[in-house]
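Okay everyone, let's get started.

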Amino acid sequence: MHIDIISVVPELLDSPLSHSILQRAQDKGLLTVRVHDLRPYGLGKHHSTDDYQFGGGAGMVMRCEPLAALIDELREQRNYDEIIYLTPDGERLTQRRANRLSLQTDLLMICGHYKGIDERIREEYVTLEISIGDYVLSGGELAAAVLVDSIGRLLPGVIGDETSALTDTFQDDLLAPPVYTRPAEWRGREVPAILRSGNTGAIEEWRHQRAEERTRARRPDLLSDTDPVAD
Ligand code: ADE
């Protein structure tokens, strides 16, 4: 998979993309991520990428021309499956959405700043608008990092134990069951005996029950039978 990201603060993406699982995915050649600085495409001697909004009101808006110039340049090199704009008024990111995006090969992500990007860029280029939650971030970069992480870890071969991502919370619309490691007893609290029984069938059954219990208590809204990949 290849992901291009457009940003006016590319440094914000340095750390999230260069550690842990995302770094491993890139080292293994399973994922390439390129962050493109919008600033050189800005207008005038100050390379301006934003301007006052028509109609008045506080907050600047990212201009069409710099974004269009960079998007056009990138589109000459790649045929994107989706051009994604990170925005709080987009569709909520879910595991189902991440699963589906992980099946694509070329993604372009646009990070907005200030009041966002000129509506005409959304109309002209954007095929998918994604929000990572009902709160406003100062820019789309951290949201893009979240989106890239949620997709990158699903690419086949990225996570060592292939089944690991499949047992994540949300993968079957259930929260994950409790997990334990050594020691078997800590401050008088014992690891449930069944997990130490070696009986894999019983363990699986126990985990499923705990996952259901936890989901019913904390997120009853998840208990609907929907396909984790389909819409
Ligand atoms: N940009 C600013 N806030 C955001 C959010 N909640 N999700 C995605 N992009 C954003």
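**The ligand site and the cores**

Let's begin with the elements around the ligand: strand 5 (82-92) and strand 7 (128-131) each put at least two residues into the shell around it. Just keep in mind that this is a predicted model. Strand 5 is the top contributor to that shell, with 3 residues.

So who's in there? Around the ligand you'll find Leu86, Thr87 and Pro88, then Ile130, Ser131, Ile132 and Gly133, and also Tyr135, Val136, Leu137, Gly139 and Ala143. Sorted by class, the shell has 8 nonpolar residues, 4 polar ones and no charged ones.

Now, which backbone atoms does ligand nitrogen come up against? A polar backbone atom of Tyr135 is 2.8 Å from a ligand nitrogen. For Ile132, a polar backbone atom is 3.0 Å from a nitrogen of the ligand, and for Gly133 that distance is 3.1 Å. On its own the ligand would expose 260 Å², and the protein buries 96% of that.

Okay, on to the cores. The largest nonpolar core has 30 residues, and the ones touching the most other members are Ile3, Ile5, Ile84, Met109 and Leu147. Several elements give two or more residues to this core, including strand 1 (2-7), helix 2 (20-27), strand 5 and strand 7. Helix 6 gives the most, with 6 residues.

Take a look at Ile3: leaving out residues up to four places away in sequence, Ile3 touches Leu31, Thr32, Val33, Arg34, Leu107, Met109 and Val148. There's also a second, separate core of 19 residues, with Leu70, Leu74, Leu108 and Ile117 among them.

Notes:
Residues numbered from 1 in each chain as written. Predicted model: local features only at pLDDT ≥ 70, side-chain atom pairs only at ≥ 80, totals over all residues. Heavy atoms only, no water. Near = heavy atom within 4 Å. Polar contact = N/O pair within 3.5 Å; in protein donor to acceptor, adjacent residues only side chain to side chain. Areas by Shrake-Rupley, 256 points an atom, 1.4 Å probe, with all protein chains shown as cover. Helix = DSSP H or I, 4+ residues; strand = E, 2+ residues; numbered from the N terminus. Nonpolar A, V, L, I, M, F, W, Y, C, P; charged D, E, K, R; others polar. Core = buried A, V, L, I, M, F, W, Y, C linked by side-chain atoms within 4.5 Å. Buried < 20%, exposed > 50% of the residue type's maximum accessible area, 1.4 Å probe, protein only. Contact = heavy atoms within 4.5 Å.
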